[in-house]
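I opened this one up to get my bearings.

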Amino acid sequence: MARLREKYQQEVRARLKQKFGIENDHAVPRLTKIVVNMGVGSAVENKGRVEVAARDLATITGQKPVIRKSKKAISGFKLREDMPIGCSVTLRRERMWEFADRLITIVLPRIRDFRGVKDKLDGRGNYTMGLSEQSVFPEIEFDKIEFPQGMDITFVTTAGTDERGHALLKELGMPFAVRETTQKGKKS
């Protein structure tokens, strides 16, 4: 069993129940899936970049990505309909817990000048963060990177509110940035 999943079942769930006064075990906020998305804007000029990004994403997540295609043509971007423009993976169950554990404990601390991730959630308890390149993952060999590719990582929860979603992710170890207060006491 994944280390982060054990932590959730043995420690985090009980703390969240106590903090929010939840009686039903099924009402406790939990992580349902993690979606990792790579949009490859440069795929318009070079179609091979989507395959390279998909290969890197498969290496990072351990799951074959789905190639995303454009829905409509946009002449200003030289984009045609059904042109491959990105790839994504939806992680659930054990792969989700393993990926979250690696991201929180290994990948984020490897980022240069890392001071924490922003704590802005989407209003329903889900959290999306962006990484500027794939080289922060230890699975990716730095010498074999053909081009730097960013990605979005979305944590989908059953929290329902930002307060509960933030508490869940904080308990799981997500290193949120500490907001500094200004002289007037307002958060910056």
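I looked up the largest nonpolar core and got 45 residues, with Ile-34, Leu-103, Ile-153 and Phe-155 having the most contacts inside it. I noted what counts as such a core: buried Ala, Val, Leu, Ile, Met, Phe, Trp, Tyr and Cys residues joined through side-chain atoms within 4.5 Å. Elements that each supply at least two residues of this core include helix H1 (3–20), strand E1 (31–39), helix H3 (93–110), strand E5 (151–157) and helix H4 (162–172). H3 gives the largest share, 8 residues.

A note on the source: this is a predicted model, where local features need pLDDT of at least 70 and side-chain atom pairs count only at pLDDT 80 or more, while totals for chains, interfaces and linings use all residues. Residues are numbered from 1 along each chain as its sequence is written, and side-chain values use heavy atoms, with hydrogens and water left out.

**Whole chain**

I listed 4 helices and 5 strands, in the order α-β-α-β-β-α-β-β-α from the N terminus. Helices (H or I, at least four residues) and strands (E, at least two) are DSSP runs, numbered from the N terminus. Of the 188 residues in the chain, 37% are buried; buried is under 20% relative accessible area, exposed over 50%, and partly exposed in between (1.4 Å probe, protein chains only).

**Two residues up close**

I checked what Ile-153 touches beyond four places away in sequence, and found Ile-34, Phe-99, Leu-103 and Met-129 among them. Contact here means heavy atoms within 4.5 Å.

Ser-88 sits in strand E3 (residues 84–91). Is Ser-88 buried or exposed? I found Ser-88 buried, at a relative accessible area of 6%.

**H1 against H4**

The axes of H1 and H4 come within 9 Å and cross at roughly 140°. That makes H1 oblique to H4, since angles under 35 degrees count as roughly parallel, over 145 as roughly antiparallel, 65 to 115 as roughly perpendicular and the rest as oblique. Axes are lines fitted to C-alpha atoms, for helices over the stretch in contact, with angles from 0 to 180 degrees between N-to-C directions.

On the H1 side I spotted Leu-4, Tyr-8 and Arg-15 among the contacting residues, and on the H4 side Glu-163 and Leu-168 among them.

I also saw that H4 has Gly-165, Ala-167, Leu-168, Leu-169 and Leu-172 buried. The buried residues of H4 pack against H1, E1, H3, E4 and E5. Just after H4, Gly-173 takes a positive phi of about 110°.
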